[in-house]
Amino acid sequence: MKKFAKTPFIILISCYLIFSNQSINNASEKANFQIIGIFPNSLNYNYSFKKCSNYSMLNIQLTQASIYAIEMLVNNNSNLLPGIKLGLTIIDSCSSPQLAMSSLSTKLILLPKQQNYDQYNCSGSSTNTHDLYSSGSQVLNRSNTDHSHILGVLAEKSEHITTSLASYTSSLRIIQIGYNSFNPALNNRKFFPYFYRTSPSPDVQTKIIIDVLTRMKWNWICIVLAISNNLDSAVVKFDLQLRQHGICIAYKAILYDKNTTSDFRSVITAIRNQQRTNVIALLGDENIVFRFLKEAENQNLEGKTWIGSYSWMLSSRIKNINSSVIDGVLGAGPNMKRINNFDQYLNHLDLCNNVKNPWFVRAIRQHLQSLRNRRDQANKTS
């Protein structure tokens, strides 16, 4: 019995060795139709060695949630798309706009001629339904997933990557849907006619911030806006709304992608030196916000109260900033609802049965290596 008891453990180790040694930044499965999902499963990309590193378990869970939605909620529902299998092609952006663009382009280059599905609907008409299934089976029943028809793109989590890809996909008339996008420029249907989102609009977030300020009776505030492109109209609108509620601006700074560490340092110095308020509204792109707060950490900017936007407050990278810098953060996000079946699904996953998400194994490998390093470090100091 002892001999056979070791078998599951040996199998798990074998899966771990096989999958963790794969060099990947995308994964796909055979299906009739495909959705491309772009996720920052890795937080860093080395351009010299063309290698991704620093896996984020939080972002990998977003990948897993998408796999679950398509596998369990769509394909396992015989009433939703009977006779049609929906697939998910996963791209790891490695938090790099350039890699995300090149990886997406590689997938779309192999895209077959676009079909017009506007004539089909879900009204229950037997003729339309039959035509839709026939069209799907004729052109999409292929073994190579790269040649399945792509229905749309699930946008990357980061605002700056989503914005850079939105114009590209709209130019190809491919739908892109964002779940963590707040850039008001993307509302422009002239430039982004095929971009949609499920996240709260910037106007909603602005109202929340004003509600917090008025409730706390703070009538002076510093504003730092981190934006990935020129949004002067949005900045002016925010200024007017604050003034209409009797809130004065002690200091305002706008940060862009192109700003350097020296620029961030100048803003931090100005915030530190002003005497009217310790309350700072920090809004905008998560990538810029992280760089700014990292420099604030380096400059020991402490004792401030931050009012944050949903776009960065839940970021896994932000949580690594020293608590003395961001200990006082106020904000709000959409209501979260726990899905019990999804929790059970996650608990059932292991190193062998989760082959659709190879980043899962790599993240575990990274975690085990971290534990090993801590142990070795502890042994050296003891």
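**Ground rules**

I am working with a predicted model, where local features need pLDDT of at least 70, side-chain atom pairs count only at pLDDT 80 or more, and totals for chains, interfaces and linings use all residues. Residues are numbered from 1 along each chain as its sequence is written, and side-chain values use heavy atoms, with hydrogens and water left out.

**Confidence**

I checked pLDDT, the predictor's confidence in each residue, from 0 to 100. The chain's mean is 80, and 80% of its residues reach 70 or more. Residues 16-23 stay under 50, and the model has 17 contacts (heavy atoms within 4.5 Å) for them beyond four places in sequence. Residues 117-146 are also below 50, with 34 contacts beyond near neighbours in sequence.

**Cysteines**

I found one disulfide in the structure, counting a pair of cysteine sulfur atoms within 2.5 Å. Cys 52 and Cys 94 form the disulfide, with their sulfur atoms 1.8 Å apart. The link of Cys 52 and Cys 94 is right-handed, with 85° about the S-S bond. The pair links distant parts of the chain, 42 residues apart: Cys 52 is in strand β4 (residues 51-55), and Cys 94 is in the loop between β5 (86-92) and α4 (97-109). For the labels, helices (H or I, at least four residues) and strands (E, at least two) are DSSP runs, numbered from the N terminus.

I then looked up the burial of these cysteines. Cys 52 has a relative accessible area of 12%, so Cys 52 is buried. Cys 94 is buried too, at 1%. Cys 248, by contrast, is partly exposed at 31%.

**Salt bridges**

How many salt bridges does the structure hold? I got six, with the criterion of a side-chain nitrogen of Lys or Arg within 4 Å of a carboxyl oxygen of Asp or Glu. I wrote up some of them.

- Asp 211 pairs with Lys 207, the closest N and O atoms being 3.2 Å apart. Both lie in helix α7 (residues 202-215), four residues apart, about one turn of the helix. Asp 211 is partly exposed at 39% relative accessibility, while Lys 207 is exposed at 53%.
- Lys 252 pairs with Asp 239, with 2.6 Å between the closest N and O atoms. This pair links distant parts of the chain, 13 residues apart: Lys 252 is in strand β10 (residues 248-255) and Asp 239 in helix α8 (residues 232-244). Lys 252 is partly exposed at 36%, whereas Asp 239 is buried at 11%.
- Glu 295 pairs with Arg 265, the closest N and O atoms being 3.4 Å apart. Glu 295 lies in helix α10 (residues 286-298) and Arg 265 in helix α9 (residues 261-273), so parts that are 30 residues apart in sequence are tied together. Glu 295 is buried at 7%, and Arg 265 is partly exposed at 34%.

**Surface patch**

Which residues form a nonpolar patch on the surface? I have Ile 175, Ile 177 and Tyr 196, with about 250 Å² of accessible area together. Patches are made of residues with over 30% relative accessible area and no salt bridge, joining like charges within 9 Å and nonpolar side chains (Val, Leu, Ile, Met, Phe, Trp, Tyr) within 5 Å. Accessible areas come from the Shrake-Rupley method with a 1.4 Å probe; for residues, only the protein chains shown count as cover. Ile 175 sits in strand β7 (residues 175-178) and is partly exposed at 35%.

Notes:
Buried < 20%, exposed > 50% of the residue type's maximum accessible area, 1.4 Å probe, protein only.
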